[in-house]
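Dear colleague,

I am handing over the structure below, and I would be glad if you could look through it alongside the notes that follow.

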Amino acid sequence: MLANQAFLRLWLAQALSQTAQQTINFTLLIQVRHIVEARDSGGANTAIAVLILMFATPPIFFSAVAGVLVDRSEKRLIMAGVNLGRACCICGYLFLQPDWPLFATLIYIYVLCFTFSSIGQFFGPAEGSTIPLLVSREQLISANALFSLTFIGSQLLGFVTLGPILTALLGLRTVYIVVVV
């Protein structure tokens, strides 16, 4: 399967995209904690819980709609558009200013996070419906298994490994820039 260049590109796009998304999710958790704690206002755990809701609830609202829209659209354009949209959302975090009021800062982060996650709902269906177009019927089970394994691996790599390492070494702002690039 990996000798199939089209499949390999799709698989690498998934691996990079999902790893970047998980790295951003980790970075946002750290940023929200830092913002709340720096202002000694308390409630960091609540602010983080709301952030988790912002990246966890869009699948509930948009996954079915995304699947229908993707079925009627050019999948390659959807995947490219999703990555571009997510990159724009990440760029939005670079505009955060330390002198903004806490509530406004958190709302800004929550809206960007919700938008980022909502846009991302279109990637999975586009990717999943492209796999059968790229591999033979005999390879389909293996291809789907590889994508499932990569999804789980990207969560571990982005959220558990790269997120903590990159934020510690580079700082939050630089992680946003690296992920956009």
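The notes below cover aromatic pairs, charges over rings, one threonine and the cysteines.

This is a predicted model, in which local features need pLDDT of at least 70 and side-chain atom pairs count only at pLDDT 80 or more, while totals for chains, interfaces and linings use all residues. Residues are numbered from 1 along each chain as its sequence is written, and side-chain values use heavy atoms, with hydrogens and water left out.

A search of the whole structure finds six aromatic pairs (rings of Phe, Tyr and Trp, the last by its six-membered ring, with centres within 6.5 Å; planes under 30 degrees apart count as stacked, over 60 as edge-to-face and the rest as tilted). One of them joins Phe7 and Phe147 edge-to-face, at 5.5 Å centre to centre and with 65 degrees between the planes. Since Phe7 belongs to helix α1 (residues 5-38) and Phe147 to helix α7 (residues 140-170), the pair ties together parts that are 140 residues apart in sequence (helices are DSSP runs of H or I, at least four residues, numbered from the N terminus). Both Phe7 and Phe147 are buried (buried means under 20% relative accessible area, exposed over 50% and partly exposed in between, with a 1.4 Å probe and protein chains only).

Trp100 and Tyr108 also pair edge-to-face, at 5.0 Å centre to centre and 80 degrees between the planes; Trp100 is partly exposed at 26% relative accessible area, and Tyr108 is likewise partly exposed, at 25%. Phe61, Phe62 and Phe114 make up one aromatic cluster.

Arg86 places its charged end over the ring of Phe116, 5.9 Å from the centre, and Arg86 also lies over the face of Phe123, at 5.4 Å from the ring centre (for Arg, CZ must be within 6 Å of the ring centre and within 35 degrees of the ring normal; for Lys, NZ is used).

Thr167, in helix α7, is buried with a relative accessible area of 14%. Beyond its neighbours within four places in sequence, Thr167 is in contact (heavy atoms within 4.5 Å) with residues including Phe26, Thr27 and Val175.

As for the cysteines, the whole structure holds zero disulfides (pairs of cysteine sulfur atoms within 2.5 Å). The sulfur of Cys89, a residue buried at 7% relative accessibility, has its closest cysteine sulfur in Cys88, 7.1 Å away and too far for a bond. Cys113 is in no disulfide either, the nearest cysteine sulfur being that of Cys89 at 9.2 Å, and Cys113 is buried at 0% relative accessibility.

Conventions:
Helix = DSSP H or I, 4+ residues; strand = E, 2+ residues; numbered from the N terminus.
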